[in-house]
Amino acid sequence: MMRENFQTKHKGKDIDLYEIESPEGYRLQLANYGCRLVSLWLRDQRDRKVDVLLGYDNIGQYLTDDANLGALVGRVANRIGNASFTLDGKKYQLTKNINGKHHLHGGVEGFASAVWEVEDYTKSSIILTHKSHDGDQGYPGNLIVKAVIRWTEEDVLQTYIYATTDKPTVANLTFHPYFNLMGEGTPSLDEHKFWLDANEILEFGEDSIATGNSLAIGTTPFNFQEITSVNFQEVMKTQWGMDGEGIDHFFVLNNFDESLQEVAKAEAENGLSMEIWTNQPGLQFYTANFLDTEGKDGKHYSKHTAFCLEAQVHPNAPNISHFPSVRLAPGTTYTHHTEYRFRVAD
């Protein structure tokens, strides 16, 4: 990735491309526009370099991107029904950016479209910060967000997201990377298998808004408690009121206790696998059902050519009292910890 293709100003702030490297030589490139993960270079079973992240060659494409490729999304990830919620007896109206009436991934100008400040940068780590002002996209409180991204000595990619506020607000942040372990641009997910530590998904109603109910996965094609491939044909027959295009569901994780736990795994036929460890209560599993864009080196990214496993709190949580709370009060710190652990089969 050419750094000069990312160096520009946006709304008076400098955008640049950064790179951090693990001891094994795994390389992550990211841009401070949207705190976006741009490229992730690993080595497969045959020692070939593989970029497993979908993305763009230049900042211009990111500035017009509507798929949130690689971005840190918030102030609240996922959907909030009717773009509104009530907190401490006061109703807040948010910006509407999905289906003309709902709120998705932080709104019209969420964190994915902000230019983040680089606070610290080393060979193996980077810290970025962003201030979301009181009233930003309709949310209350000045929110200070810090993202810490680093490689450990064991080649684990750690991500931490912290947030503090000066008045009660809501926060539910996550990264939105699109992965294909066979390499970005690979035309399908057929070479992948998945394991998710979940036996329930959330029920979604009209416009994919969470109703508050859970559904037992049972023997449906949403059962990934044994590692298996996605059966798109069967998934689309039993979509439980979703878009009919693939998986875009919230999986409620088993045994959640706010500690760091292994919750999901993806493995590919090239010997690469990725474990996801998190302290969050759920995962949005998305199979890029509406992806249709030109990515790196002119490759066409179409639907079902990538997957997202986004650790977060339940969608529409500000409106559903029995979901885990996303309320953030002054004097407390929101803490999101997710790790990506990569393996290569012998």
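**Figure 1. Strand 18 and its pairing with strand 22.** Strand 18 runs antiparallel to strand 22 (residues 261-268), and five bridges join the two; strands count as paired if DSSP finds at least two bridges between them. The model is predicted: local features need pLDDT of at least 70 and side-chain atom pairs count only at pLDDT 80 or more, whereas totals for chains, interfaces and linings use all residues. Residues are numbered from 1 along each chain as its sequence is written, and side-chain values use heavy atoms, with hydrogens and water left out. Strands (E, at least two residues) and helices (H or I, at least four) are DSSP runs numbered from the N terminus. Within the pairing, L196 has A264 of strand 22 as its bridge partner. In a regular strand the side chains alternate between the two faces of the sheet. Buried denotes under 20% relative accessible area, exposed over 50%, and partly exposed the range in between, with a 1.4 Å probe and protein chains only.

Figure 2. A pair of aromatic rings is described by the distance of the centres and the angle of the planes. Rings of Phe, Tyr and Trp (its six-membered ring) pair if their centres lie within 6.5 Å; planes under 30 degrees apart are stacked, over 60 edge-to-face, and the rest tilted. By this rule there are 19 aromatic pairs. The pair of F194 and F285 is tilted because the ring centres are 5.1 Å apart and the planes stand at 55°. F194 belongs to strand 18 and F285 to strand 24, so this pair ties together parts that are 91 residues apart in sequence. F194 counts as buried because its relative accessibility is 0%, and F285 is likewise buried at 0%. F285 also pairs with F224 in an edge-to-face arrangement, 5.6 Å centre to centre with 80° between the planes. This second pair links F224, in the loop between strand 20 (210-216) and helix 2 (232-235), to F285 in strand 24, 61 residues apart. Ring pairs join F179, F194, F224, F251, F285, F307 and Y340 into a cluster.

**Figure 3. A charge over a ring.** The charged end of R341 sits over the ring of W277, 3.7 Å from its centre. The criterion is that NZ of Lys or CZ of Arg is within 6 Å of the ring centre and within 35 degrees of the ring normal.

**Figure 4. The largest pocket.** The largest pocket holds about 900 Å³ of space. Of the 39 residues that line this pocket, D66, A67, N68, L104 and H105 are the closest to its centre. On a 1 Å grid over the protein atoms alone, a pocket is an open set of points with protein on both sides within 12 Å along at least five of seven lines, a cavity is a set where a 1.4 Å probe fits but cannot get out, and lining residues have an atom within 4 Å of a point. Grid points are joined across faces, edges and corners, and a volume is the space filled by probe spheres set on the points. Helix 1 gives the largest share of the lining of the largest pocket, three residues.

**Figure 5. The largest cavity.** The largest cavity has a volume of about 40 Å³. Its lining includes L253, F256 and Q280.
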